[in-house]
Amino acid sequence: MSVVKFSGDTSCPVTPHLNSGCGFPAPNAEIFFLEPYATLNIFGMDFVIGKTSILAALVSIIVATFFLAAARPRKMIPGKLQSLGEQAYLFVRDQIAREVIGKDGDRFVPFLGSLFFFVWISNLMGVIPGAQFPIMSSLAFPVALTLMVYGTYMYIGMKTQGPIKFFTAAMFPPGVPKAMYVLLAPLELLQLVVTRPVTQAIRLFANMFAGHLLLTTFTLAAYYLISPSVIGVLGSVTSFGVTVVLTGFEMFIQGLQAFIFTLLTAVYIGGSLHAEH
Amino acid sequence: MFNIIAAESEVNILRLPLDELIIGTLAFGIVFFALAKFAFPAISKTLEARADAIEGGLARAENSQAEAAAMLEEYRAQLADARGEAANIRAEAQSEKIVMIENARGEAAAAAASVTERAQAQIEAERSQAMASLRRDVSELALTLASKVVGESLTDDARARASVDRFIADLEVEAAK
């Protein structure tokens, strides 16, 4: 019996097999830090050109091109592409903007639509063969989006309600016993300023991170265990089956998380537009 | 177990590299620019135009329906008019017919009456003629008879004639009684 080597052992390949004598390469956080292809120095700043940044650019091009192409025909009886674009637009307008914000939500449809489709396609990159890396599992991306969302609803709140009224309205919700404000006011302020943006970013990041980790684990296991033995076949087939099921589940989560991210943005914008009375 | 220790020492999943923040912002910015500036306004306008077209079509359909209904109403009114007119004409004809029949009947009755009158007059004339001739004949016969009885001619005697006439008149009175 050969000595079991850990996958951290440099003599083991990146994706070892059971027969190589290497231990199961349980995926860890390292799989989220891919080797950069190149580093670009622009104005004294290093831009890492890696899988994540290339995928982000790709997503950006795909979403922008799709909507520009879908908006171009402008026919009364739409073709398939135009119809799809219109349905996507109406989904954001009717299910998110008007549903959550109300009639004055129409002017936020471009922002909400950009968020939803950018996040969704970024997430989808986690299961698309060849890409197989969800961009939002890199914390910087959800944070970048959340900062824009945060800036937007903070600005709108202070503009429509007044810079002081915006905070006091959030800190002193009506219909609460006066004494409770001692406890409630700081919590509400913390909620508005810190908790909301942090949770919004981390919810998206953590979901994509965990999903990718899970998928990688079972994909690697399916390969690691494949061997002409009963346990090998059973384990490999089971792992593969789980991978397939998880991929479907993951696609559902990807859409759901994009929806939740956008929906929360709409809720926050709506709260900034109309203070609770 | 090696890996996890290594992971903890080497990588931090919560790190926020500035270049990725900028790339993320830029990537989103491109999408937002394309959608907010071009795609969504165009889609929104197309949807509005379509809604307008559909609503316009509906309005047009409603118009033509109302027009058709008005026309139908007009036709019905015309038909009713025509029917009324026909009924009038029929009634007029009926009354005209009655008048004509009445006229004809009157005329016929008048003609009949005149014929009867004429006939009566003729009968009367003939009767009086017959009466006169009878009276003359009878008086002549009576005179002849009387002269035969009396043995003298009474023929040209005016007195004799008058007495015969009186006698006949008496007879007539008797007969009338």
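## Chain A at a glance

Of the 277 residues in chain A, 36% are buried. A residue counts as buried if 20 or more other C-beta atoms lie within 10 Å of its own, as exposed if 12 or fewer do, and as partly exposed in between, with C-beta atoms placed from the backbone. This is a predicted model, where local features need pLDDT of at least 70, side-chain atom pairs count only at pLDDT 80 or more, and totals for chains, interfaces and linings use all residues. Residues are numbered from 1 along each chain as its sequence is written, and chains are lettered from A and ligands numbered from 1 in the order in which they are written.

## Folding pattern of chain A

Chain A has seven helices and two strands. Helices (H or I, at least four residues) and strands (E, at least two) are DSSP runs, numbered from the N terminus. Along the sequence, the pattern reads β-β-α-α-α-α-α-α-α.

How spread out is chain A? Its radius of gyration is 24 Å, while a compact globule of 277 residues would have one near 19 Å. The radius is taken over C-alpha atoms, and the globule rule is 2.2 Å times the number of residues to the power 0.38. Along the principal axes, the C-alpha atoms of chain A fill a box of roughly 75 × 60 × 45 Å.

Take the contacts in chain A between residues at least 6 apart in sequence: 59% of them join residues at least 24 apart. Two residues are in contact if their C-beta atoms, placed from the backbone, lie within 7 Å.

A:Arg74 lies in the loop between α1 and α2 of chain A. Its phi is near 50 degrees, a positive value in a residue other than glycine. A:Arg74 counts as partly exposed because it has 14 C-beta neighbours inside 10 Å. A:Lys75 also lies in the loop between α1 and α2 of chain A. Is A:Lys75 buried or exposed? A:Lys75 has 12 other C-beta atoms within 10 Å, so it is exposed. Its C-alpha atom is separated by 35 Å from that of A:Pro134, which is 59 residues away along the chain.

A:Gln132 belongs to the loop between α3 and α4 of chain A. Phi is positive in this residue too, near 45 degrees, and A:Gln132 is not a glycine. It has 15 C-beta neighbours inside 10 Å, so it counts as partly exposed.

## Where chain A meets chain B

How many residues of chain A are in contact with chain B? The count is 44 residues of chain A, in contact with 33 residues of chain B. On the side of chain A that touches chain B, the elements giving two or more residues are β2 (45–49), α1 (51–71), α2 (80–101), α3 (109–124) and α4 (140–161). The largest share, 11 residues, comes from α1(A).

By class, this side of chain A has 30 nonpolar, 10 polar and four charged residues. Ala, Val, Leu, Ile, Met, Phe, Trp, Tyr, Cys and Pro count as nonpolar; Asp, Glu, Lys and Arg count as charged; the others, Gly among them, count as polar.

## The shape of chain B

Chain B has three helices and zero strands. Its pattern is α-α-α. Chain B is more spread out than a compact globule, because its radius of gyration is 66 Å, well over the 16 Å that the globule rule gives for 177 residues.

The C-alpha atoms of chain B fill a box of roughly 205 × 35 × 20 Å along the principal axes. Of the 177 residues in chain B, 8% are buried.
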